[in-house]
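Dear colleague,

Please find below the structure that I am handing over to you. My notes on it follow directly after.

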Amino acid sequence: MSRSEKFTNRELSWLDFNYRCLSEARDKNIPLMERLKFLSITASNLDEFFMIRVASLKDQVNAGYTKKDIAGMTSQEQIDQILHVTHSFMATQYTTYNRSFLPALKKEGLKIVTEYEKLTPEQADYVDTYFQQEVFPVLTPMAVDSSRPFPLIRNKSLNIGALLMDKKKKDTIDFATVQVPSVLPRIVMIPEDEDNCTTMILLEQIIEKNIQKLFMNYKVLCATPFRVMRNADLTIDEDEAADLLIEIEKQLKKRQWGEAIRLEVEENIDKRLLKTLRRDLEIGEESIYKINGPLDLTFLMKVYGMKGFDHLKDQPYIPQQPKMLDPERDLFEQIREKDILLFHPYESFNPVVDFVRKASRDPDVLAIKQTLYRVSSNSPIIASLAEAAENGKQVSVLVELKARFDEEHNIVWARKLEKAGCHVIYGLVGLKTHSKITLVVRREEDGIRRYVHLGTGNYNDSTARLYTDMGMFTCKQQYGEDATAVFNMLSGYSEPLGWNKLSLAPLWLRDKFLFLIRRETENAEKGRPAKIIAKMNSLCDPGIIEALYEASAAGVEIQLIVRGICCLKAGVPDLSETIHVRSIVGTFLEHARIFYFENNGDPEFYMGSADWMPRNLDKRVEILFPVEAQELKDEIEKILTIQLADTKKAHILMPDGTYEKVDQRGKAPLNSQMYFYEQACRASSAAQSLHSQAQSASLQQK
């Protein structure tokens with residue numbers, strides 16, 4: 001095989017992942033509202049993919065960049081293939097919406113109006129009144145003529161385009177547009193119809209049918225919704241930026257007006273109107289998506305959130321008390337006794353929040369240091385860090401300003417923390433700090449002790465209820481020394497002479513992974529036990545993939561759990577016969593990074609923040625940490641074993657590059673996510689029972 005034949009293109013692999021999400025939306029074994037949520041997620045995913053990945057490829061084409069990717073495709077070839085696949089993908093999205101969801105929702109008593117003309121007289125009166133009173137005052141119609149140029153259409157905004165004819169100058173046709181205001185709810189509830197269904201109509205439908213009222217001196221010849229996707233990839237010259245925070249603020253303003261890369265219009269758009277949009281947005285025919293249904297299906301997430309349809313959803317999942325922690329005991333005391341493993345969202349993220357909160361108020365705590373990549377909109381961790389600084393503690397926080405689509409959010413938090421007296425670091429030049437680490441320095445009777453939390457996911461209490469991640473508390477001296485060294489590097493570029501436990505990117509992490517993989521290869525060649533299990537979000541680093549191919553050729557058994565992008569080809573004769581890849585797509589977003597190496601019968605376990613991607617290994621500050629306590633190693637091994645046995649939510653990568661659901665014949669049904677949740681509930685229930693028994697025994701003794 002040629003080198004390019006050994007790899008799958010990154011972008012096409014990502015589109016395969018979005019198809020797996022779409023397959024969940026089409027799975028009738030899943031509750032209807034949960035399926036609806038998945039359809040919304042596929043639309044949101046695709047938006048971001050175009051704004052960043054497709055935009056980046058277009059930039060390469062415009063710059064004359066002709067180098068091929070690892071799969072042997074030029075940037076233009078990738079764009080051509082992406083557009084071909086995404087046209088087909090969106091057609092499937094809307095077939096699913098129109099033929100499956102609309103009838104199924106109506107059957108359950110929820111009707112989404114598709115044709116304005118079919119409103120009952122009562123509904124039509126209600127909608128007209130709503131337009132006049134609530135919508136009309138907010139709208140800003142914008143006509144285009146010789147004195148008024150084509151307006152700037154904001155990225156991702158929903159608009160109504162129209163062609164107008166002046167009633168006095170009937171030989172002149174002008175273009176006009178009105179933005180559907182985001183300050184108003186897109187879903188408008190209207191009176192029930194004769195079927196007694198809860199009925200809704202979309203805001204753009206109301207505006208489209210009443211658009212004549214905005215242009216009284218014109219005859220509206222046609223009006224159709226349209227939506228523009230723009231290049232939102234920030235270009236920042238960090239070496240030239242005097243102040244990174246100010247430079248990012250400037251770039252954020254440009255994100256709304258980048259090059260148009262996708263135009264969505266309704267299927268029946270007037271040809272003259274489409275020609276006008278094409279010309280003024282400077283967009284090619286292949287980048288126009290004619291849609292049979294409402295533009296921007298992300299509104300379905302709002303439908304999912306509607307009250308009264310809980311019977312069409314999964315039972316709400318409540319994160320449980322971690323089984324390795326006793327809520328009645330002091331957290332620091334428990335960490336001193338042993339390392340503690342957390343498994344979110346099955347186990348609550350509250351201990352991590354409490355760790356920072358307790359440290360902020362503990363008079364014996366001298367310093368708190370933490371990295372923040374993405375945090376929630378009302379973060380209790382931010383509040384605790386600010387409180388700690390106000391309480392006179394040394395607080396150092398690295399806030400990554402370059403966290404994509406969270407830049408503005410993080411700027412606000414950075415300024416709040418600085419105002420409270422925290423020492424805020426804005427990341428490192430040329431690198432994103434993606435590591436997840438917290439260090440608490442505490443004065444105790446026997447001297448200074450360092451408590452460390454290391455994780456695979458962000459310090460975000462909201463996403464910790466939706467993403468599967470793992471974390472570890474420890475106060476072992478070697479981890480504490482390394483944690484101190486990490487923050488000294490981030491704040492002052494001070495590298496230690498050596499490291500005890502942690503491996504960092506971009507300095508040594510790539511070499512660490514290659515060493516671990518090659519050690520398994522050598523063990524297999526010598527007839528020793530050799531096995532690799534690796535779980536991550538994405539796998540596209542060519543160096544790592546080549547090392548895995550070499551390990552496979554030596555006979556190493558390799559099991560990979562890769563949620564999203566996978567550029568490796570699995571099960572191919574003479575290349576990757578012993579490599580098996582599965583992707584788990586379910587209720588929770590699989591986000592943890594876990595690595596197992598057999599090591600000749602003495603298994604080593606690692607967790608961290610990095611995927612096997614060039615950007616993670618070469619352009620980000622990432623941390624890989626070993627898990628050494630036997631109790632924790634046993635727990636992680638169980639987790640990997642269960643995920644490898646999943647028969648309900650796992651998709652298997654086939655040698656031809658396609659994914660197939662697990663063949664369940666002869667296998668017990670197993671949904672790994674539900675298994676973990678049920679186990680967490682049982683453990684929590686058992687702990688509560690023991691606690692109640694202990695309290696009862698104590699009362700009896702008294």
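Does asparagine 600 count as buried, partly exposed or exposed? At 39% relative accessibility, asparagine 600 counts as partly exposed. Please bear in mind throughout that this is a predicted model.

Asparagine 600 lies in the loop between β23 and β24, and it has a positive phi of about 55° although it is not a glycine. Asparagine 599 likewise has a positive phi of about 55° without being a glycine, and its place is in the loop between β23 (594-597) and β24 (604-608). Asparagine 599, however, is buried, because its relative accessible area is 14%, under the 20% cut-off.

Two cis peptide bonds may also interest you. One joins histidine 344 and proline 345, with omega about 0°; proline 345 sits in the loop between β10 (340-344) and α10 (350-361). Another joins alanine 505 and proline 506, with omega about 5°; proline 506 is placed in the loop between β18 (503-505) and α14 (509-525).

Leucine 568 deserves a separate paragraph. This residue is found in the loop between β20 (557-562) and β21 (579-584), and it is buried, with a relative accessible area of 1%. Leaving aside its neighbours within four places in sequence, leucine 568 is in contact with Thr8, Leu539, Ile545, Leu548, Tyr549, Leu560, Ile579, Val581 and Leu653. Leucine 568 and isoleucine 545 are 23 residues apart in sequence, yet their C-alpha atoms are 6.2 Å apart in space.

The helices are the last topic. Helix α2 (residues 32-62) has 31 residues and reaches 44 Å from its first C-alpha to its last, close to the 45 Å expected at 1.5 Å a residue. α2 bends by about 35° at phenylalanine 50. The helix is mostly covered, with 23 of its 31 residues buried. α2 is followed by glycine 64, whose phi is positive, near 75°.

Helix α12 (residues 407-420) has 14 residues, which should span 20 Å at 1.5 Å a residue; its end C-alpha atoms are 20 Å apart, in agreement with that value. Its buried residues include Glu407, Asn410, Trp413 and Leu417. Glycine 421 follows α12 and has a positive phi, near 105°.

How are α1 and α3 oriented to each other? The axes of helix α1 (residues 10-25) and helix α3 (residues 75-107) come within 11 Å and cross at roughly 5°. Angles under 35 degrees count as roughly parallel, and α1 and α3 are therefore roughly parallel to each other. Among the residues that meet there are Leu12, Leu15, Tyr19 and Leu22 in α1, and Ile82, Val85, Phe89 and Phe101 in α3.

With kind regards

Notes. Residues are numbered from 1 along each chain as its sequence is written. This is a predicted model: local features need pLDDT of at least 70, side-chain atom pairs count only at pLDDT 80 or more; totals for chains, interfaces and linings use all residues. Side-chain values use heavy atoms; hydrogens and water are left out. Helices (H or I, at least four residues) and strands (E, at least two) are DSSP runs, numbered from the N terminus. The expected span of a helix is 1.5 Å times one less than its number of residues. The bend at a residue is the angle between axes fitted to the seven residues ending there and the seven starting there. Buried means under 20% relative accessible area, exposed over 50%, partly exposed in between (1.4 Å probe, protein chains only). Contact means heavy atoms within 4.5 Å. Axes are lines fitted to C-alpha atoms, for helices over the stretch in contact, and angles run from 0 to 180 degrees between N-to-C directions. Angles under 35 degrees count as roughly parallel, over 145 as roughly antiparallel, 65 to 115 as roughly perpendicular and the rest as oblique.
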